[in-house]
Amino acid sequence: VLASITCSAPVNIAVIKYWGKRDEKLILPLNSSLSGTLHQDDLKTTTTIVASEDYTEDAIWLNGKKEDINATRYQNVLKAIRSRATKLQDKKHCVHIVSINNFPTAAGLASSASGYCCLVYTLAQIYGVDGDISGIARIGSGSACRSMYGGFVKWEMGEKEDGSDSIAVQVQPESHWPEMNIIVLVVNDKKKETSSTDGMQKSAATSPMMKERCAVTVPTRMRDIEEAIKNKDFQTFGDITMKDSDDFHEVCATTTPAIYYLNDTSRYIMNLIHRYNKLSGSVKCAYTFDAGPNACIYLPEENVVEVLSLFIKHFPDQDLSTYYRGPKENVEKIQ
Ligand code: DP6
């Protein structure tokens, strides 16, 4: 064995959604996006990579199941890492990769984000890659680049054709707004019907809402939400978060053929939150939904007990697993 390293990486939940690519191969987005990174203890991927001269081929196992290492995205990531290697280049070897999520895969819970972030981070440790590696995580899965940092992170869409300026940048560190929490209500952990990759391709090609969203709506929201985060202004933050989630699902609904990720429970939760905020006279919590029916709820610490009580009251029988995030952390090397 030449090297053996284990790392873990957290999930991130976008408040300004990435949806649509301008380059499918390099995974360059049509718009910038912004997310909060979850606590490592809650939703994360753990990856162990062993490099050995005894292995005859590269191989990868995901949650105990062998995957096809020749899949384009794995190959693109491996190539990008090895081209920047400062270690092992002179030794004939292959890598075995074992990756485990502590949550349901492909249920719209951003498993590809923590997964590819962790894969790239661990590979970078094995091969001694310096400098920005969020751009390499990006070519694995777009949203993965944002999991490279803790706190609030934006993925700058960039302009260059080679994608070198399409990278993740930390907007605020985890220490800036430690009172911020995220609760994930698992409405359904079955695999989603339309993958994000397919869905966004169809939306970019057919939804009449895309143009305005990319040209005007998202750039404005990016500016405003960055400012809200800086000022720890939850009212503005929550407003923008819910609006962008609504718009994203509207884009999906206006795609041909239409894509629906939300179900009745999701819509019940949205309604409940709007009514609860209205009754409270302020934004106490904000929902956001990715490419699936599960609700991610951003809220300040002081509202956690009240909001959780509300959900327990309204879903007494439903198995709504909750994950709870304190201050956020970064990717880390375990061993
Ligand atoms: C709805 O990053 O999974 O979660 O780049 O094709 O791998 P690929 O897509 P992916 O898309 C995530 C879409 C989203 C919004 C977001 O996380 O910004």
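Begin by selecting helix H1 (residues 72-83) and helix H2 (residues 111-127), which pack at an angle of about 30 degrees with their axes 10 Å apart. That angle makes H1 roughly parallel to H2, a term that applies to angles under 35 degrees. Axes here are lines fitted to C-alpha atoms, for helices over the stretch in contact, and angles run from 0 to 180 degrees between N-to-C directions. Helices (H or I, at least four residues) and strands (E, at least two) are DSSP runs, numbered from the N terminus.

Residues are numbered from 1 along each chain as its sequence is written. The model is predicted, so local features need pLDDT of at least 70 and side-chain atom pairs count only at pLDDT 80 or more, whereas totals for chains, interfaces and linings use all residues.

Staying with this pair, show the side chains of Val77, Ile81 and Arg82 in H1, which meet Leu119, Val120, Leu123, Ala124 and Tyr127 in H2; contact requires C-beta atoms, placed from the backbone, within 7 Å. By class, this contact of H1 with H2 has seven nonpolar, no polar and one charged residues, where Ala, Val, Leu, Ile, Met, Phe, Trp, Tyr, Cys and Pro count as nonpolar, Asp, Glu, Lys and Arg as charged, and the others, Gly among them, as polar.

Next, colour the open sheet, whose six strands follow the order E8-E7-E9-E6-E1-E16 with mixed pairing; two strands pair if DSSP finds at least two bridges between them. Because E8 and strand E16 (332-333) stand at the edges, each with a single partner strand, one side of each is left without a neighbour in the sheet. H2 packs on this sheet, touching E1, strand E6 (44-52), E9 and E16, and its direction makes about 150 degrees with that of E1.

Now move to strand E7 (residues 59-62), which four bridges join to the parallel strand E9 (residues 94-101); here Leu62 stands opposite Ser99. E7 also pairs with strand E8 (residues 65-67), in the antiparallel sense over three bridges, and Ile60 stands opposite Glu67. E7 and E8 form a hairpin with two residues between them, and Asn63 in the turn has a positive phi of about 50 degrees.

Finally, select the ligand: of the 14 residues around it, Ala14, Tyr18, Ser141, Gly142 and Ser143 come nearest, a residue being near if its C-beta atom, placed from the backbone, lies within 6 Å. The shell divides into five nonpolar, seven polar and two charged residues.

Terms used. Parallel < 35°, antiparallel > 145°, perpendicular 65-115°, else oblique. Contact = placed C-beta atoms within 7 Å.
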